[in-house]
Every structure is written in C-alpha cells, then in structure tokens.
Amino acid sequence: MQNLNWQRSDLIDESDEVVLHQTREQKQTLEQSSGIQVEDRNAGRVKITDVQVNGEGEKQIGKKQGQYITLSVPTLTLEDKDGFQQLEKALLTNFKKLHESISWKDDDKILIIGLGNRTITPDAIGPYLIDHLHSLEQIDDKFVMYAPGVTGQTGYETGEFVAALAERIKPKLIIVVDALATRASSRLCKTVQLTDTGIHPGSGVGNQRQEISFEMLGVPVTAIGIPTVVDAPVLIADAVELMLRSIAARVAERGKPSSKLSLSSWQPDTNKELDMSLITPIFGEWATWSKEERQQLFEETFAASHSQLMVTPKEADYWIDKYATLISSMLTKWASEL
C-alpha cells in the first residue's frame, strides 16, 4: 500500500502523542517519555492548549522544539460576535505572553509577512491580513508589511523573499500569518495556533517549502495559523463515525423513557461512552473497530482517487475576512502597548 499521510495537519494538538494525554496518568507519561508538556485551560468560551516541546519531544512527534498555543471556540459561527471578541481577547493575552521576554526600543521594527495565494480563498488569509493592516487609518510605525505570494506565482522561494527583507530591515521580530490544514472537520475556521518555532509554508497540504524560522533568519519568528482546509477522506471518516455512534446510541436508548418522552425529534447523546457491539448485527464486526482502524481502511480505499482533494467551508471567504480583521485588530492593540 502507498504510504500516504491523508490526515495532514499543521496543528500540534492533533498529533497522536499530544491527543493521548486526556487523563492525568497519560499526561505524566507523555511528559516523562516524550519531553512534551501539555496544559489545557479555558478563557470563557475559548479552549486553550499550551504545548511545550523540548529536544527529546521534537524527535518523538516531528514538531520543532518550542512553544505552541492553540486557541479554539468549538461553537463559533460567522454571526457569533461574542465568540470572536473572546477569541481576540484570549489571542492578545497569549500573544503578549509569548513575547514578554523581548526588550523593545522605540526604533525597533516588526516585519509582518502574509503568506498564501490571494487567488485561492482558503489560502488567502495572509494577503487579506496585509490588506486590512494597510487599510487602517493609522498604521503603527513599527510595522513593515509584505505579502510575497507563493512560489508557483513568483518562481522564487517565499523564504528567500523573507530573508532578503529581514537582511535589509533588521527587524526585532518577524510575524508570519498563514492558512493551515487540520485533520478534524469540526476545527475548520474555529481555531488559531501561535508558535515561536516559525513555519514551513505549504507543509499541511503536502507542498512543503523553505522554512521561515530563527534558525534560517537569525531573527525570532512567530507564526499565526488558521486551519481552513481538511483532507476529503477525513470528512468521510468523521461522517461514518458520527453515523455509527448515533445508531449505537439510539439502539442503547431504545425502550427507555428518555426516548419516548421527547416532544420533538429525539437526538441521542453521541459523545458519551457507547457499546458499539450493539450494532454488529447491522454492520458486522466493522462497527466495533477503533476509529483509527476505520481511518486506515479509508486511507487504503481512497489512496488513488481522493488523496489530493482538500475541502474548505463554503463560506470560506467570509471566514477569511473575519480572521484578517481579528488578527489585524489584535496586532495593532499589542503593538500600541510596546
């Protein structure tokens, strides 16, 4: 079988080693064996996962040594003004914390790079952000902003553009904003990841380019990423998982008063622990497989036909504009206090 990574993800908290830390015992084992420290907390509706990776952890999960902060509002919608306000507030707080060790001078410059292809909506968050910053009535004089496009448009590595700018401007900090890939459809356009490790443009969609990082440029690099795309087979796997759990929950509740007293269409709780063997008479042993085993089946099935198909929400243009506005607002508030 061709070894394809159809569960591509740029989010560190979706790596298998970090996902498996739900219990205190698992969390301690993870920290001791992998050099990874994970802290979960909430700020209102915003769920925050703070991951610290040391040298040993880098070898274990293939993510660079450094700090990763993931902020998510699972119930976020385009009309959710309160959700976006809470997300921006939490993002600003954590962005400040990530840079509190930097000593600023009045003439220090901050280079803001908006990565992505503005002609492809789910990849346009970077260029949109630069447009929003340029449209502000008053632009912070610390900011130097640039959207270099993508290698397919320019013929040059994005990292080369950034390196040339960094050499000329001598910034105190480089901030890179880009679209990311997720392996969970529920996180599309509802999550922001901050990291001080820099970024590999295009890595989430299998088109990895030259790294933009402190190691390459000699300047601290902070990456801000928004997951806007997911592999198509992931959507299929999620849909099948939800269907099987829904049927199992209905079978388990059959005959109980809770299913008969509902005044409207009864919806089972699919998040609780379920006995999947209840539906083996319908689906056979396949229904009792773990989610990972079913995902492996989808990998084999779709290896040839759907391995390169990425999916984005139909309202992607509205989401991109919302996040460009949110990040530009956060950055201007942060810079005004330096």
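The expected span of a helix is taken as 1.5 Å times one less than its number of residues. The structure is a predicted model, in which local features need pLDDT of at least 70 and side-chain atom pairs count only at pLDDT 80 or more, whereas totals for chains, interfaces and linings use all residues. Residues are numbered from 1 along each chain as its sequence is written, and side-chain values use heavy atoms, with hydrogens and water left out.

The protein chain contains 13 helices and 9 strands. Helices (H or I, at least four residues) and strands (E, at least two) are DSSP runs, numbered from the N terminus. Of the 338 residues in the protein chain, 47% are buried; buried means under 20% relative accessible area, exposed over 50%, and partly exposed in between (1.4 Å probe, protein chains only). The chain exposes about 17300 Å², of which carbon and sulfur atoms supply 49%. Accessible areas come from the Shrake-Rupley method with a 1.4 Å probe, and for residues only the protein chains shown count as cover. Among contacts (heavy atoms within 4.5 Å) between residues at least 6 apart in sequence, 72% join residues at least 24 apart.

In soluble globular proteins, nonpolar side chains tend to be buried together. A nonpolar core is defined here as a set of buried Ala, Val, Leu, Ile, Met, Phe, Trp, Tyr and Cys residues joined through side-chain atoms within 4.5 Å. The largest such core has 41 residues, and Ile 112, Ile 175, Ile 224, Tyr 323 and Leu 331 touch the most other members. Helix H13 gives the most to this core, with 10 residues. Apart from this core lies another, of 13 residues, which include Leu 115, Ile 199, Leu 217 and Ala 223. Residues up to four places away in sequence being left aside, Ile 224 touches Phe 95, Ile 175, Val 176, Val 177, Asp 178, Val 192, Gln 193, Leu 194, Ile 327, Met 330 and Leu 331. The buried residues of H13 include Trp 319, Ile 320, Tyr 323, Ile 327, Met 330, Leu 331 and Trp 334.

Helix H4 was examined in the same way. With 18 residues, at 1.5 Å a residue, H4 should span 26 Å, and its end C-alpha atoms are 26 Å apart, in agreement. The buried residues of H4 are Gly 83, Phe 84, Leu 87, Glu 88, Ala 90, Leu 91, Leu 92, Asn 94, Phe 95 and Leu 98.

A pair of aromatic rings is described by the distance of the centres and the angle of the planes. Rings of Phe, Tyr and Trp (its six-membered ring) pair if their centres lie within 6.5 Å; planes under 30 degrees apart count as stacked, over 60 as edge-to-face and the rest as tilted. A search of the whole structure finds 6 aromatic pairs. In one of them, the ring centres of Phe 84 and Trp 319 are 6.1 Å apart and the planes lie at 45°, so the pair is tilted. This pair links distant parts of the chain, since Phe 84 is in helix H4 (residues 81–98) and Trp 319 in helix H13, 235 residues apart. Both Phe 84 and Trp 319 are buried. Phe 95 and Trp 334 form an edge-to-face pair, with 4.9 Å from centre to centre and 85° between the planes. Phe 95 lies in H4 and Trp 334 in H13, so this pair ties together parts that are 239 residues apart in sequence. Phe 95 and Trp 334 are both buried. Phe 84, Trp 319 and Tyr 323 form one aromatic cluster.

Lys 170 is found in the loop between helix H7 (158–169) and strand S6 (173–182) and, at 55% relative accessibility, counts as exposed. Cys 189 is placed in the loop between S6 and strand S7 (191–195) and, at 1% relative accessibility, counts as buried.

Lys 314, in the loop between strand S9 (310–311) and H13, is exposed, with a relative accessible area of 79%. Lys 314 and Pro 122 are 192 residues apart in sequence and 9.9 Å apart in space, C-alpha to C-alpha.
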